[in-house]
Amino acid sequence: MAKEQPPRRELSWTPLQSRIMESNTKMKLTRCGKITVGIIVMVIAAVIIGLIGHFITHGKTSLYYHISFKVNNTDYDSKFEKPYSQEYIDLNEKIVSLINETFHGSKLRRQYVKSHVVQVSRAKGKVVIHAVLKFISYLKNKAAKFQNRIKTILHQKLNGETGSLQIDSSSFKIANLEMPTAENLLHTCCGRRTITPSGHKVAGGMDAEPGEWPWQASLQRNSIHRCGATLISNSWLVTAAHCFIRGNDPKEWNVSFGLLLSDPLMRRPIKNIIIHEDYHYPEHDNDIAVVKLSSPVLYTSNIRRVCLPEATYTFPPNSEAVVTGWGTLKSDGTSPNILQKGVVKIIDNETCNKEEMYSGVIKPGMLCAGFREGKVDACQGDSGGPLVSADQKGIWFLAGIVSWGDECALPNKPGVYTRVTYYRDWIMSKTGL
């Protein structure tokens with residue numbers, strides 16, 4: 001990926017100047033006594049603060065709970081099954097607002113961290129809400145007592161004023177959750193990131209931040225990075241078919257997740273590789289494959305899935321998208337250890353097919369992204385990785401899969417990607433997603 005080095009910012013500072021008494025040789029004993037007492041008080045205070053800090057850091061425990069209840073005045077809709085649908089988002093906001101209000105106004109307001117609707121099921125035509133709650137507790141050996149306090153507070157709220165939601169309080173249930181399972185559920189929504197990247201949008205590629213692109217994966221053959229891939233569920237990734245032209249034996253491949261190639265957050269062997277039936281190298285048509293992991297990953301703040309767009313979803317020309325990967329920083333250049341990101345613009349196929357660009361070779365299943373002047377592009381080693389674009393709600397969808405291009409970042413030669421919407425039904429047929 002082409003990368004422009006950001007300007008270095010030099011740090012400077014002025015040392016604090018000491019104030020010296022004019023006649024320090026005439027300092028009285030009582031003055032020295034006050035200084036000594038002051039130092040002792042400061043030392044004691046520092047020790048106390050340190051102990052408090054140690055207790056806060058090491059004494060707290062994260063506790064997770066699964067709650068469920070029926071909402072009598074909300075009819076079940078199949079759209080609730082899609083976590084990026086407006087119906088699901090609106091319902092989640094109502095439920096989370098209710099839970100936030102409940103605990104922010106309670107004695108547990110300092111222990112309450114967050115909640116999230118993880119599933120909407122059906123009971124006699126009405127919706128049943130399943131949510132995960134996270135708390136911080138300093139009572140390590142009193143988890144049962146803590147759970148009872150949560151249950152009491154929630155039950156009182158559900159029996160009282162719940163706004164526009166008519167909740168069947170008799171249906172309320174609560175249960176403990178183990179941390180890995182709970183964190184997986186809290187981060188199960190697609191296309192969401194748990195961080196807000198610092199800095200401003202850039203024209204060239206730059207280092208990504210931890211958790212910024214949590215669906216990015218590295219496809220490795222014999223433990224060497226070969227291609228990028230995108231996590232679309234706990235068990236499935238999507239990538240480019242041409243990544244496997246030199247070998248498609250799953251036993252030779254594995255996947256790693258995380259910001260650094262040298263220090264991944266997680267690794268998984270591959271169980272199965274499914275290449276599009278109509279892909280024929282060296283042609284670029286149908287350059288898509290799906291990969292099944294040997295065992296599912298648990299979602300965390302830094303490992304999450306991207307949203308797959310419906311076949312009818314559109315990515316408007318000139319809208320911004322982001323391409324990520326560990327590819328070379330220029331043609332035949334060196335590869336970085338840290339994930340790179342680059343902001344590009346979607347280019348419509350008619351423009352991309354002009355003579356000065358790709359002269360008619362761009363097919364409906366392909367998508368162009370970049371700039372007429374070049375500068376930013378995917379490059380060698382980025383193949384199979386994601387091109388993503390956010391909707392108005394800040395949810396990220398997979399627009400393209402890095403496929404091919406004329407070298408890297410040349411003027412009038414934008415990157416060409418496999419258009420995901422064009423192959424949406426094929427992905428469904430192979431993965432069920």
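## Overview of the disulfides

A search of the whole structure finds four disulfides. The structure is a predicted model. A disulfide is a covalent bond between the sulfur atoms of two cysteines. When the bonded cysteines of the protein are numbered in sequence order, the pairing reads 1-4, 2-3, 5-6, 7-8.

## The link between Cys190 and Cys307

Cys190 and Cys307 are joined by a disulfide with an S to S distance of 2.0 Å. The link connects distant parts of the chain, for its two cysteines lie 117 residues apart. Cys190 belongs to the loop between helix H4 (179–186) and strand S5 (206–207), while Cys307 belongs to the loop between strand S11 (289–293) and strand S12 (320–325).

The angle about the S-S bond is 85° for Cys190 and Cys307, and this link is right-handed. Cys190 has a relative accessible area of 3% and is therefore buried. Cys307 also counts as buried, because its relative accessibility is 0%.

## The link between Cys227 and Cys243

A disulfide is formed by Cys227 and Cys243, whose sulfur atoms are 2.1 Å apart.

The link of Cys227 and Cys243 is left-handed, with -105° about the S-S bond. Cys227 and Cys243 are both buried.

## The link between Cys352 and Cys368

Cys352 is joined to Cys368 by a disulfide, with 2.0 Å from S to S. The two cysteines are 16 residues apart and link distant parts of the chain. Cys352 is found in helix H5 (residues 349–352), whereas Cys368 is found in strand S14 (residues 366–370).

The disulfide of Cys352 and Cys368 is left-handed, because the torsion about its S-S bond is about -85°. Cys352 is buried, as is Cys368.

A disulfide requires a pair of cysteine sulfur atoms within 2.5 Å. Cys189 counts as buried, because its relative accessibility is 3%.

Technical notes: Residues numbered from 1 in each chain as written. Predicted model: local features only at pLDDT ≥ 70, side-chain atom pairs only at ≥ 80, totals over all residues. Heavy atoms only, no water. Helix = DSSP H or I, 4+ residues; strand = E, 2+ residues; numbered from the N terminus. Buried < 20%, exposed > 50% of the residue type's maximum accessible area, 1.4 Å probe, protein only.
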